[in-house]
Amino acid sequence: FHEAWVAELDHPGINYWLKSRLLDITKPGVQEQFWLGAVTHGRHGDHNQGEWNWPHMNETVSWFDWANGQPDDYHDEDCLVLREYHDPFFPNARDYWWNDFSCDDAAAHYICEKECHL
């Protein structure tokens with residue numbers, strides 16, 4: 001779409017930059033989530049994160065920023081979101097972490113990236 005693709009966070013620095021931007025622009029306690037470009041097709045779970053791929057870059061994901069208890073492959077979750085987690089009593093104490101998510105669920109926003117043509 002418009003020569004863009006769903007964001008592929010292939011480096012921890014990009015991940016932490018994006019998390020800080022999302023914390024700045026989203027409201028505390030809403031539990032927003034945003035699609036990331038990684039997918040998997042094999043078994044995975046809490047003790048076996050499986051093999052995840054960045055399809056646009058055609059690379060295997062080499063590092064992870066999973067939330068506690070993730071990935072859990074709850075009902076065939078083969079896509080990746082960046083999801084807000086917070087303390088229910090202190091919603092300002094929050095951060096964004098990776099979560100495996102159903103590819104068929106539409107309950108996430110999109111973050112896309114596009115090559116810069118200078």
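1. Asp95 has a relative accessibility of 22% and so counts as partly exposed, the cut-off for buried being under 20%. Keep in mind throughout that this is a predicted model.

2. Which residue does Asp95 pair with in a salt bridge? The partner is Lys19, and the closest N and O atoms of the two are 3.8 Å apart. Because Asp95 belongs to strand 6 and Lys19 to helix 1, the pair ties together parts that are 76 residues apart in sequence. Lys19 has a relative accessibility of 4%, so this lysine counts as buried.

3. Is Glu84 buried or exposed? Glu84 is buried, with a relative accessible area of 0%. Arg94, at 14% relative accessibility, also counts as buried. The two form a salt bridge in which the closest N and O atoms are 3.2 Å apart. Since Arg94 lies in strand 6 and Glu84 in strand 5, this pair ties together parts that are ten residues apart in sequence.

4. The count of salt bridges comes to four. In general, side chains of opposite charge can pair when their charged atoms come close.

5. Another salt bridge links the side chains of Asp24 and Arg21, at 3.7 Å from N to O. Both residues lie in helix 1, three residues apart, which is about one turn of the helix. Asp24 counts as exposed, at 59% relative accessibility, and Arg21 as partly exposed, at 37%.

6. Helix 1 covers residues 12-25, 14 residues in total. From its first C-alpha to its last it reaches 20 Å, close to the 20 Å expected at 1.5 Å a residue.

7. Which residues of helix 1 are buried? They are Asn15, Leu18, Lys19 and Leu22. Viewed down the axis of helix 1, these buried residues fall within an arc of 105 degrees, so they line one face of the helix. The face turned away from the buried side carries the exposed residues Trp17 and Asp24.

8. What do the buried residues of helix 1 pack against? Their partners are strand 2 (33-40), strand 5 (79-87) and strand 6 (90-101). Leu18, one of the buried residues, touches Leu9, Leu36, Leu82 and Ile111, leaving aside residues up to four places away in sequence.

9. The largest nonpolar core has 17 residues. Those touching the most other members are Leu18, Leu22, Leu36, Trp54, Leu80, Leu82 and Trp98. At least two residues of this core come from each of helix 1, strand 2, strand 3 (52-54), strand 5 and strand 6. Strand 2 gives the most, with three residues.

10. To draw the points on helix 1 together: its buried face packs against strands 2, 5 and 6. Leu18 and Leu22 are among the residues that touch the most other members of the largest nonpolar core, while Lys19 is in a salt bridge with Asp95. On the side turned away are Trp17 and Asp24, and Asp24 is in a salt bridge with Arg21.

Methods. Residues numbered from 1 in each chain as written. Predicted model: local features only at pLDDT ≥ 70, side-chain atom pairs only at ≥ 80, totals over all residues. Heavy atoms only, no water. Helix = DSSP H or I, 4+ residues; strand = E, 2+ residues; numbered from the N terminus. Expected span 1.5 Å × (residues − 1). Buried < 20%, exposed > 50% of the residue type's maximum accessible area, 1.4 Å probe, protein only. Arc of directions from axis to C-beta. Contact = heavy atoms within 4.5 Å. Core = buried A, V, L, I, M, F, W, Y, C linked by side-chain atoms within 4.5 Å.
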